[in-house]
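Biologist: I have a model open and want to learn how to read it. Please take me through some features.

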Amino acid sequence: MQTTEDLIYRAAKAIKQSNFAVAFTGAGISVESGIPPFRGEGGLWNKYDPKILDIDYFYTHSGRSWAAIKEIFYDHFGQKKPNKGHEVLAKWETSGLLRSVITQNIDNLHQEAGSQHVIEFHGNSQRLVCVHCDSIFETSSADLTDLPPRCVSCGGLLKPDFIFFGEAIPMLAYEQAAEAGKKCDLMLIIGASGEVSPANKIPQKAADHGAFVIEINRDQSLYTPKVTSLFLQGKAGEILPAIDAILQQII
Ligand code: NAD
């Protein structure tokens, strides 16, 4: 039986030998930054009603929806910083080991850690979009004391520029993620359950095209029996630095 050290060594070797590696991340990579996932232990849906992110509810109850959104995504998430997992991925991109990060997350932590090629599959909370005139604003420039916030150009309702339940995935992000999934010869799936569709089609695409799939997760996921070639059980903020330490020795 292989030890965790053996598996970490195999993962490092595979990353080193790959020609086109991409990472695919879910809420799990940000847990060690203090941002809870939606589902499971400590998940946001144990405290909040998921309807606050339903697009029809948002349009009909904008004030109520915005009050919860502000509390979760801006008062709480907004204070959080990238962790070692985000930092290692940014470092691998700089050193040419990783082409891009496809993320389901909306917390902007990959970008804050220094990742340049981030495919935002579900959008980004650090932007607001006017639902009337499509103007985009930095969230930090908006006044969130009087809710719901309004567009300074046309007075229209502002919405976080991330996907609500009932909305389609941004076309460009889907195309870029699908393309990366087809092209990569190695995919790292980090902290993603596989329960969110259509995001879960991307790792499947990579596996269908023959990519070696390394999965890092606290627990087995829906991906584990289907697409994973090498499973590393543990926290992303510990496993990624451990792989990086081995890479330093074998590079
Ligand atoms: P998810 O698909 O993102 O799954 C979270 C996964 O992370 C689970 O499989 C869990 O076992 C794993 N995990 C938890 N802690 C971990 C750790 N320290 N290291 C490695 N793995 C760990 O599921 P979700 O939370 O239901 O999210 C649904 C959607 O909402 C996703 O698109 C997700 O990205 C998004 N979301 C984003 C954020 C964020 O931006 N940080 C937070 C919550 C949810």
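Predicted model: local features only at pLDDT ≥ 70, side-chain atom pairs only at ≥ 80, totals over all residues.

Biologist: Is Ile246 buried or exposed, and why?

Modeller: Start with the scale. Buried means under 20% relative accessible area, exposed over 50%, and partly exposed in between (1.4 Å probe, protein chains only). Ile246 counts as buried because its relative accessibility is 18%. Ile246 sits in helix α8, residues 236-250. Helices (H or I, at least four residues) and strands (E, at least two) are DSSP runs, numbered from the N terminus.

Biologist: Which residues does Ile246 touch?

Modeller: Contact means heavy atoms within 4.5 Å. Leaving aside residues up to four places away in sequence, Ile246 touches Ile8, Tyr9 and Ala12. Ile8 is 238 residues from Ile246 along the chain, yet their C-alpha atoms are separated by 7.9 Å.

Biologist: Now helix α4. What do its buried residues pack against?

Modeller: Helix α4 covers residues 84-94, and its buried residues are Gly85, His86, Val88, Leu89, Ala90, Trp92 and Glu93. Their packing partners are α1 (4-17), β1 (21-25), β2 (100-103), α5 (109-113), β7 (186-190) and α8.

Biologist: What should I look for at the start of α4?

Modeller: Look for a polar contact. That is a pair of N or O atoms within 3.5 Å; within protein, one must be able to donate a hydrogen and the other to accept it, and residues adjacent in sequence count only if both atoms are side-chain atoms. Here a side-chain oxygen of Asn83 comes to within 2.7 Å of the backbone nitrogen of Gly85. After α4 comes Gly96, with a positive phi near 85°.

Biologist: How many bridges join β7 to β8?

Modeller: First the rule: two strands pair if DSSP finds at least two bridges between them. Five bridges join β7 to β8, and the two run parallel. Ile190 has Ile216 of β8 as its bridge partner. Four bridges join β8 to β9 (residues 230-233), also parallel. There, Asn217 has Gln233 of β9 as its partner. Strand β8, residues 212-217, has five of its six residues buried.

Biologist: How many salt bridges does the structure hold?

Modeller: A salt bridge is a side-chain nitrogen of Lys or Arg within 4 Å of a carboxyl oxygen of Asp or Glu. The structure holds eight. One of them joins Lys91 and Asp244, 2.6 Å from N to O. This pair links distant parts of the chain, Lys91 in α4 and Asp244 in α8, 153 residues apart. Lys91 is partly exposed at 38%, whereas Asp244 is buried at 9%.

Biologist: What is the N to O distance between Glu167 and Lys159?

Modeller: That salt bridge spans 3.1 Å. Glu167 is partly exposed at 28%; Lys159 is buried at 4%. Lys70 and Asp75 form another, with their closest N and O atoms 3.2 Å apart.

Biologist: Which residues are linked in a network of salt bridges?

Modeller: Glu120, Arg127 and Asp161.

Note on methods: Residues numbered from 1 in each chain as written. Heavy atoms only, no water.
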